[in-house]
Amino acid sequence: MTTHGPFDVTRPRGMARWWGPGLRNIGRALVTIGGLLMLWQAVVWATGVAPYILPAPRVVAIAWLGRPDYLLTNAAVTAAEMLLGLLFGGFLGAASAILIAAVAPARRWLMPVLIVSQAIPVFALAPVLVLWFGYGMASKVVMATLIIYFPVAAAFLDGLRRTEPGWLDLAHVMTRDRWAIVRTVRIPAALPALASGLRVAAAVAPIGAVIGEWVGSGAGLGFVMLHANGRAQTDLMFAALATLSALALVTYFAIDWGLRRALPWQPESPPDDRHL
Amino acid sequence: MAWGTPEPVALPATGANSIHVRGAHVSFDAGGGRSGPLFDNLEAEFSAGMFTCILGSSGVGKSSLLRLIAGLPPRRGTASGVVTDGDGQSLTGRIVYMDQRDLLLPWMTVLDNVLLGARLRGEPRQRGRALGLLQAVGLSGWEDARPEVLSGGMRQRAALARTLMEDRPFVLMDEPFQAVDAITRLVLQDLSARLLAGRTVVLVTHDPIEALRLGHHVQVLAGSPARLDPPVAPPGVPPRDPADPALVGLYRVLIARLQQAAK
């Protein structure tokens with residue numbers, strides 16, 4: 001887009017606009033994590049706690065560097081489960097939200113399903129899912145899909161119901177085609193709400209994948225943690241945990257970055273000290 | 001001619017493009033038991049090819065009348081009534097509606113906003129004509145900008161271009177220039193008078209000067225339930241100069257009528 005007039009000179013444009021806040025957020029997160037690591041090291045030094053209860057960060061780092069292939073291969077499995085869960089859960093959630101918002105019978109029949117899907121404790125389903133879909137990736141993907149479905153569907157539906165009434169009036173005078181109005185006005189107007197749902201989904205996706213792996217699996221970071229725990233390899237367990245945290249952070253920031261890029265018109269008013 | 005005592009004009013409401021409202025019943029429901037009739041069996045006729053300005057205070061039902069003509073359901077409460085053209089045909093699909101808010105879609109460029117109607121109806125988009133209209137309203141070079149970078153006045157210009165793009169015989173305007181500054185308002189009024197000439201325009205406003213500037217006919221909507229006063233026809237051709245002494249007498253009459261209605 002070309003820049004026009006004096007209205008947007010204070011706004012960072014181009015790469016600065018997309019990378020600026022993201023990079024700064026990641027930088028702050030790293031500083032916080034660094035502080036926590038130092039605190040952790042201090043606790044280990046001060047208390048002299050046994051390494052099989054709480055290994056020092058240095059010991060965890062050594063454990064990580066000792067078996068990077070093992071950890072990364074399993075991280076790839078967990079990452080694939082998360083991403084497939086995000087894909088299916090995001091798609092199903094968005095599709096049900098559109099159906100519920102646009103089709104009256106769907107509202108009556110799907111709305112209860114949506115609520116029930118949240119009333120069932122999904123974690124309690126994990127053993128059943130493993131029984132049905134096996135020890136492989138399928139049961140974990142289903143688990144992640146179930147856990148992601150609700151925040152996406154709920155947030156998008158909320159957005160679809162809150163379309164500015166004036167826009168709908170304008171569109172209704174222009175056409176009688178309700179589906180054209182849904183497609184052209186309602187759905188684009190609700191995309192920022194869908195983005196909020198996807199951000200929540202990105203944060204809960206690792207939970208779904210790892211719970212599935214704990215219940216029964218032969219691969220994945222959850223499997224590594226369970227396996228290492230059984231053999232009192234606490235350092236390896238923490239290494240897997242650190243890898244999972246990094247995976248979760250990268251997933252969240254990647255999705256956040258992608259959504260900002262996709263919705264440049266989204267009004268952004270971050271909490272601002274000047275308004276206080 | 002003494003314009004201090006305007007003669008009500010006989011409505012020449014003939015012609016296919018006149019608007020006829022028959023038996024309009026609209027009741028509002030503000031919740032908490034605050035409800036009542038806005039219109040009780042309201043009858044109205046608006047002349048073909050003319051600007052009719054409906055003048056009234058806030059809450060008297062100006063927007064409700066426009067929504068009824070536009071075929072939009074009331075925001076709260078109920079509405080019924082028959083709205084036809086001079087031949088008794090429905091107006092559906094021949095109306096364009098312009099609100100006091102620009103209602104530009106923030107995710108579309110200015111050009112795509114102007115082309116919104118064609119996109120909704122799946123018609124071919126007449127880019128060239130849209131660009132011409134943007135030029136006519138003074139927005140050349142802004143077609144690829146998003147509404148967020150435009151000032152309020154520029155946004156309302158874009159909304160006017162979108163209204164003109166629809167190319168409808170019936171134009172309904174709900175205080176379209178209320179939210180812009182005085183100079184922009186004059187410019188937009190001139191543009192509307194020029195570019196909408198020959199169409200049947202119903203413009204509601206609470207500003208007597210705007211009504212006197214733009215209306216071939218001016219009608220006061222007042223009372224509860226509201227009634228339309230007989231139309232008065234200011235002298236001269238719109239857009240009139242608001243400083244024209246000939247309008248001063250009419251201005252006083254309209255203000256007196258509005259004050260009387262407010263009591």
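Q: Before we start, what counts as buried here?
A: A residue is buried if 20 or more other C-beta atoms lie within 10 Å of its own, with C-beta atoms placed from the backbone. Keep in mind that this is a predicted model.

Q: OK. Which residues of β6(B) are buried on each side?
A: F170(B), L172(B) and D174(B) are buried on one side, and V171(B) and M173(B) on the other, leaving both faces covered. For the strand, residues 170-174 of chain B, that makes 5 of 5 residues buried.

Q: And in what sense does β6(B) pair with β5, parallel or antiparallel?
A: Parallel, over 4 bridges, with β5 being residues 95-98 of chain B. M98(B) has M173(B) as its bridge partner.

Q: How many bridges to β7?
A: β6(B) and β7 (residues 200-205 of chain B) share 5 bridges, in the parallel sense. V171(B) sits opposite V201(B) there. With helix α6 (residues 182-195 of chain B), the two strands make a right-handed β-α-β unit.

Q: Where is confidence lowest and highest among the chain A helices?
A: Helix α1 (residues 14-47) of chain A is lowest, at a mean of 77, and helix α7 (residues 165-174) is highest, at 94. Residues 1-12 of chain A have pLDDT below 50.

Key. Residues are numbered from 1 along each chain as its sequence is written. Chains are lettered from A and ligands numbered from 1 in the order in which they are written. This is a predicted model: local features need pLDDT of at least 70, side-chain atom pairs count only at pLDDT 80 or more; totals for chains, interfaces and linings use all residues. pLDDT is the predictor's confidence in each residue, from 0 to 100. Two residues are in contact if their C-beta atoms, placed from the backbone, lie within 7 Å. A residue is buried if 20 or more other C-beta atoms lie within 10 Å of its own, exposed if 12 or fewer, and partly exposed in between; C-beta atoms are placed from the backbone. Two strands pair if DSSP finds at least two bridges between them. A crossover is right-handed if, with the strands pointing away from the viewer, the path from the first strand over the helix to the second runs clockwise.
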